[in-house]
Amino acid sequence: MTVDICQKSCKVVKKLIQEIFSTMATSAEDKSSNFLRQFRDLKTREFKLLSAQQFMEVWNHYDTDGNGFIEGSELDSFLTQLVTSINSQDIGPERLDLGSYATVRRKLGCNKKSSHLPQHSVVSPTALMDAKTLLMNAFDENSDGKIDIAELAQILPTEETFLLLFRRDNPLESSVEFMKVWREFDKDRSGYIEADELKNFLLHLLKQSKRDNDVSEEQLITYTDTVLQLFDRNKDGKLQLSEMAKLLPVKENFLCRPVFKRQFRKNSSVSGSASKLTKDDIDKVFRLYDRDNSHYIENEELNGFLKDLMDLVEEDYDEADLIQCREALLRDCDQNHDGKIDYNELRMLLMSYNQVSIDNPGFEQEDSS
């Protein structure tokens with residue numbers, strides 16, 4: 001009789017846990033199905049250093065829809081398995097005090113200084129939620145509620161030379177510089193970065209970090225193949241503009257600031273004074289793209305502006321889309337037909353997307369020369 005009561009109690013507890021984690025793909029999985037556990041050292045419980053190939057395997061395992069992000073149920077699955085991969089039991093009733101982010105990072109084995117949890121430790125549902133919150137606060141750098149490839153590379157210990165390819169510590173100043181890099185490595189002017197061009201680009205990044213001598217030709221080929229598989233979302237064997245933009249980040253797309261997002265995003269709603277563009281906003285945009293102080297946005301400056309603009313409204317775009325956008329913009333906004341955009345033309349472009357007047361009573365049209 002007592003045994004029956006205990007068995008029934010266990011069933012109730014298990015059912016309750018399953019209900020708590022009903023949105024998590026791995027909540028009811030057996031511990032042996034925890035994909036991340038294979039990458040931990042059995043003795044120390046720390047993560048082993050992942051090779052480029054192993055990193056790709058982890059990414060592909062959790063990015064099940066191949067959209068370039070670990071999000072939604074994928075993110076729940078990843079974070080749950082990240083936390084529970086430490087322990088011999090996944091979820092249990094005991095409360096584990098996770099403390100600060102540094103403590104969580106140490107206990108999860110996300111760096112070389114980590115110390116392992118005792119083999120008998122069990123992570124409670126509450127502690128698991130705490131760990132997920134702390135991890136997202138620490139690693140979700142753009143606060144979009146999902147993990148991209150470069151953010152995953154910060155979570156999992158990965159080959160240092162491979163990690164350098166993500167340029168997290170040294171992003172480009174702006175998309176103007178991005179377009180210059182694009183032109184430099186798109187040698188055949190095909191509008192794509194193909195495998196051999198990508199290999200040369202990755203070698204260039206390693207040389208900048210003075211690590212090219214640390215990587216053999218075979219490793220470089222592996223890195224090239226891995227990066228191509230990670231970032232080539234449409235699987236055409238080459239990188240288009242939007243895919244290369246994920247690999248080569250810029251410090252900030254100024255047009256991604258809320259005041260511009262409201263103007264350029266499709267189906268956006270504009271209301272009240274919060275949506276007003278100021279003269280200062282337009283001044284900053286013009287200075288950002290007029291890199292040579294010529295008083296015009298032209299050539300790669302214009303392409304950089306268009307690339308940032310397209311980032312707001314399209315997830316996937318290639319150079320042909322950029323050229324089409326450039327032609328449309330010049331046709332509609334280049335009043336003197338000189339093939340470049342001056343201050344007043346930029347002002348008119350931004351105003352055309354702004355459904356309210358500029359929030360500056362003394363704003364007058366200015367001479368761009």
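## Selected residues and overall architecture

At a relative accessibility of 17%, Arg37 counts as buried, because the cut-off for that class is under 20%. Arg37 is placed in the loop that runs between α1 (2-20) and α2. Its C-alpha atom lies 7.1 Å from that of Ile86, although 49 residues separate Arg37 and Ile86 in sequence. The model discussed here is a predicted one.

**Overall composition.** The protein chain contains 16 helices and 2 strands. It has 369 residues, and 48% of them count as buried. Among contacts in the chain with a separation of 6 or more, 67% are made by residues 24 or more positions apart.

**The nonpolar core.** In soluble globular proteins, nonpolar side chains tend to be buried together. In this model, the largest nonpolar core comprises 84 residues. The members that touch the most other members of this core are Phe178, Phe201 and Phe305. When residues up to four places away in sequence are set aside, Phe178 touches Leu172, Leu241, Met244, Ala245, Leu248, Val250 and Lys307.

**Ile147.** Is Ile147 buried or exposed? Ile147 counts as buried, because its relative accessibility is 0%. The residue belongs to the loop between α5 (125-139) and α6. Leaving out residues up to four places away in sequence, Ile147 touches Trp59, Phe69, Ile70, Leu75, Met136, Leu152 and Ile155. The C-alpha atoms of Ile147 and Glu74 are 9.7 Å apart, while the two residues are 73 residues apart in sequence.

Glu57 is situated in helix α2 (residues 52-62). Glu57 counts as partly exposed, because its relative accessibility is 34%. Apart from residues up to four places away in sequence, Glu57 touches Phe35 and Phe39. Asp225 is found in helix α10. Asp225 likewise counts as partly exposed, with a relative accessibility of 39%.

| Residue pair | Separation in sequence | C-alpha to C-alpha distance |
|---|---|---|
| Arg37 and Ile86 | 49 residues | 7.1 Å |
| Ile147 and Glu74 | 73 residues | 9.7 Å |

**The largest pocket.** The space in the largest pocket amounts to about 1,400 Å³. Elements giving two or more residues to its lining are α6 (149-155), α10 (217-231), α11 (241-247) and α14 (300-313). Which element supplies the largest share of the lining? That element is α14, which contributes 5 residues. In total, 40 residues line the largest pocket, and those nearest its centre are Asn142, Asp144, Asp148, Lys246 and Cys256. By class, the lining consists of 20 charged, 14 nonpolar and 6 polar residues.

Arg189 has a phi near 55 degrees, a positive value in a residue other than glycine. Arg189 occupies the loop between α8 (175-185) and β1 (193-194). Its relative accessibility is 54%, and Arg189 therefore counts as exposed. Asn299 is not a glycine either, yet its phi is positive at about 55 degrees. The loop between α13 (279-289) and α14 holds Asn299. Asn299 counts as exposed because its relative accessibility is 51%, and the cut-off for that class is over 50%.

Key
Residues numbered from 1 in each chain as written. Predicted model: local features only at pLDDT ≥ 70, side-chain atom pairs only at ≥ 80, totals over all residues. Heavy atoms only, no water. Helix = DSSP H or I, 4+ residues; strand = E, 2+ residues; numbered from the N terminus. Buried < 20%, exposed > 50% of the residue type's maximum accessible area, 1.4 Å probe, protein only. Contact = heavy atoms within 4.5 Å. Core = buried A, V, L, I, M, F, W, Y, C linked by side-chain atoms within 4.5 Å. 1 Å grid on protein atoms, 1.4 Å probe; cavity = no way out; pocket = protein on both sides within 12 Å on 5 of 7 lines; lining within 4 Å. Points joined across faces, edges and corners; volume = space filled by probe spheres on them. Nonpolar A, V, L, I, M, F, W, Y, C, P; charged D, E, K, R; others polar.
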